[in-house]
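Thanks for coming. I have one model to go through today, and I will keep to what can be computed from the coordinates.

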Amino acid sequence: MSTNFRVALKKVVDHSYDIEIGETLFNSLIEDLKRGIVENVSKFAIITDSKVEALYGQALLEQLIQNGFHAELFSFPAGEKSKTRETKAQLEDQLLSRSYGRDCCIIAIGGGAVTDLAGFLAGTFGRGVPSLNYATTLLAAADASIGGKTGVNTLVATNLIGVFHQPKKVYIDLTTWRTLPVREFRSGLAETIKHACIADAGFFEFLERNMDKVVSAEDGLVLDREVCERIALYNCEIKYGVVEKDELESNLRQILNLGHTAGRALEALSGYELLHGEAIAIGLSIQVQLAEHLGYVTPDQAQRVIALLQKAGLPTEIPATITDRMLIDKMYTDKKVRKGRIRFVFQEGIGSMKRFEDGSYSTPVEEHLLTELLDKIRH
């Protein structure tokens with residue numbers, strides 16, 4: 001004899017938030033806090049990394065304190081290698097030791113590794129506390145700042161452990177891009193090019209015409225303000241267009257993984273010596289050549305994608321130290337793998353994505369085909 005009780009939890013939740021794009025946005029953040037953008041908060045924890053701490057973290061801390069907010073700063077060693085469960089636990093222990101509880105707000109200031117890690121922490125600390133993202137890199141602006149995907153890396157795979165946690169607001173500060181090493185900035189351009197490949201042929205052509213206005217082979221960073229603003233805005237619009245339709249990545253959102261099946265594998269295999277965007281650039285190059293082989297793009301379109309990546313100063317070839325066998329084995333840890341088969345998402349031409357007969361945007365690719373193609377790419 002048993003009795004059933006149904007827990008009815010159907011509800012409508014509004015996770016909407018604003019993204020502000022501009023220059024020097026600390027004052028804007030302070031004004032938002034004064035206006036009550038986060039409610040019932042008595043303490044603020046700024047989470048950043050060791051590089052951004054000196055550049056912007058301490059300055060934000062001072063400004064918060066000057067304006068009467070109770071705030072402290074917590075930082076971790078810069079780099080993707082720190083984006084781990086261990087770092088998250090250390091930060092949580094520091095917050096607990098400083099008496100942070102459910103009445104706190106997390107302010108993540110930094111690049112993608114910071115917003116991923118701090119967002120995951122915010123999503124689980126006190127079973128979820130509000131957070132704000134202050135993006136200081138193109139990569140965080142292009143990818144990590146929208147969509148609420150947070151997570152950490154393990155030795156097996158990247159970003160496989162995390163939660164969906166939407167921030168209350170995102171600030172994209174274009175002035176911070178000027179302090180980026182040129183290699184980091186190029187890395188961010190990979191996600192920008194990915195967005196154009198996915199959803200906007202016009203944006204792709206804009207990048208082809210204007211790439212030398214943001215970064216050049218000879219001079220490094222150029223950062224024309226108008227072009228940078230447009231890049232930031234298009235990135236947000238394209239990613240939003242996908243996330244809004246599929247917040248929890250049930251199907252459509254998989255298209256944002258273009259280039260990531262091979263890219264994330266390369267990133268992990270390099271021991272994170274390859275920056276995220278560098279690995280994704282090589283992944284995009286592999287994907288588009290495979291798409292050409294399968295007839296989803298023309299040879300000319302495939303060449304244009306590879307040429308644009310190269311114009312941005314990004315790598316497009318697999319490092320010699322990583323064998324095809326190593327790469328294929330690592331791709332089996334990708335979160336799109338189903339029933340032991342590696343799955344890819346593919347662009348169809350430039351500016352749209354291939355949808356398969358079953359309605360899915362990802363499809364299994366047989367190992368023998370991958371082996372054949374990887375061998376062809378290297379020779």
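Some ground rules. This is a predicted model, where local features need pLDDT of at least 70, side-chain atom pairs count only at pLDDT 80 or more, and totals for chains, interfaces and linings use all residues. Residues are numbered from 1 along each chain as its sequence is written, and side-chain values use heavy atoms, with hydrogens and water left out.

Helices (H or I, at least four residues) and strands (E, at least two) are DSSP runs, numbered from the N terminus. Two strands pair if DSSP finds at least two bridges between them.

The sheet, then. Six strands form an open sheet with parallel pairing, in the order β1-β6-β5-β4-β2-β3. β1 (18-22) and β3 (71-76) are the edge strands, each pairing on one side only. On average, neighbouring strands are turned by 15 degrees against each other, direction ignored; axes are lines fitted to C-alpha atoms, for helices over the stretch in contact, and angles run from 0 to 180 degrees between N-to-C directions. Inside the sheet, β2 (residues 43-49) and β4 (residues 104-110) pair over five bridges, and Ile 47 has Ala 108 in β4 as its bridge partner.

What lies across β2, β3 and β4? Helix α2 (residues 50-66) does, running at about 175 degrees to β3.

Now the cores. A nonpolar core here is a set of buried Ala, Val, Leu, Ile, Met, Phe, Trp, Tyr and Cys residues joined through side-chain atoms within 4.5 Å; buried means under 20% relative accessible area, exposed over 50%, partly exposed in between, with a 1.4 Å probe and protein chains only. The largest core has 78 residues, of which Trp 177, Ile 193 and Ile 286 touch the most other members. α10 gives the most to this core, with nine residues. A second, separate core of 22 residues includes Leu 64, Ile 109, Leu 132 and Tyr 171.

Last, helix α13 (residues 367-378). Its 12 residues reach 17 Å from first C-alpha to last, close to the 16 Å expected, which is 1.5 Å times one less than the number of residues. Leu 369, Leu 370, Leu 373, Leu 374 and Ile 377 are buried. Seen down the axis, the buried residues of α13 fall within an arc of 125 degrees, so they line one face; the arc is that of the directions from the helix axis to the C-beta atoms. The face turned away carries the exposed His 368 and Lys 376.

Conventions
Contact = heavy atoms within 4.5 Å.
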